[in-house]
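Here are a few exercises to work through with the model open beside you. Try each task before you read its solution.

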Amino acid sequence: MGTEAGAQRILAGLKEAGIDLVSSVPDINMLQLINLLYEDKQITHVPVGREEEGVGVCAGAHLGGKKPALLMQNGGLLNSCNGLTTTALQFGMPILLLIYYAGDIGDNAFHMVGLVTEPVLQGLGIKYVVMRDPAKVKQDIAGAVTLANSSKRPVALLLTRAVL
């Protein structure tokens, strides 16, 4: 489970980068961040039951003039591939994907999901950064949002335990 400081850093980075709507699915590893999103008044938080629903929420938010992000685990990335491909990628929607990197180096669970995460992102043509340095959280978020907006495509940030 993440720390309060890590969650605060990520939330501050989202705000500075102009993200004003975050859709999320429940995840114990990102509980601190999800709780902060529930309490925050500047960012609209839309909880969903499935990651693909989150793609739809973010697509609608983008069409309505918002700057959206989708918060999920990498297993959820696999669930959302159809929505990402047929909606966000096909219609050029800049969505920031914040993905907990289960099965990353040093993680003792979900090793198979960790093994396929980066190849799936590569296969979808989604640029990504593995976030390992807490000092670079705001910079990584800002860069990803800039790229998503300029390329009109989703961009992913893989959140490791080190930044959470």
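**Exercise 1: the packing of α5**

The buried residues of α5 pack against α3 (51–63), α4 (74–79), β4 and α6 (111–124). Work out which residues of α5 (81–89) are buried, and why they line one face.

Before you start: this is a predicted model, where local features need pLDDT of at least 70, side-chain atom pairs count only at pLDDT 80 or more, and totals for chains, interfaces and linings use all residues. Residues are numbered from 1 along each chain as its sequence is written, and side-chain values use heavy atoms, with hydrogens and water left out.

*Solution.* 
- Step 1: Helices (H or I, at least four residues) and strands (E, at least two) are DSSP runs, numbered from the N terminus. Buried is under 20% relative accessible area, exposed over 50%, partly exposed in between (1.4 Å probe, protein chains only). Contact means heavy atoms within 4.5 Å.
- Step 2: pick out the buried residues of α5, which are Cys 81, Gly 83, Leu 84, Ala 88 and Leu 89.
- Step 3: look down the axis of α5. Its buried residues fall within an arc of 155° (taken from the directions from the helix axis to the C-beta atoms), so they line one face of the helix.

**Exercise 2: both sides of α7**

Describe α7 (residues 137–151), from its span to the residue just after it.

*Solution.* 
- Step 1: check the span. α7 has 15 residues and reaches 21 Å from first C-alpha to last, close to the 21 Å expected at 1.5 Å a residue (1.5 Å times one less than the number of residues).
- Step 2: list the buried set, namely Val 137, Asp 140, Ile 141, Ala 144, Val 145 and Ala 148. Down the axis of α7 these fall within an arc of 125°, so they line one face.
- Step 3: find their partners. The buried residues of α7 pack against α1 (4–16), β4 (96–100), β5 (128–131) and β6 (155–159).
- Step 4: turn to the other side of α7, where Gln 139, Thr 146 and Ser 150 are exposed.

**Exercise 3: the whole protein**

How many helices and strands are there, and what pattern do they follow?

*Solution.* 
- Step 1: count seven helices and six strands.
- Step 2: read along the sequence to get α-β-α-β-α-β-α-α-β-α-β-α-β.
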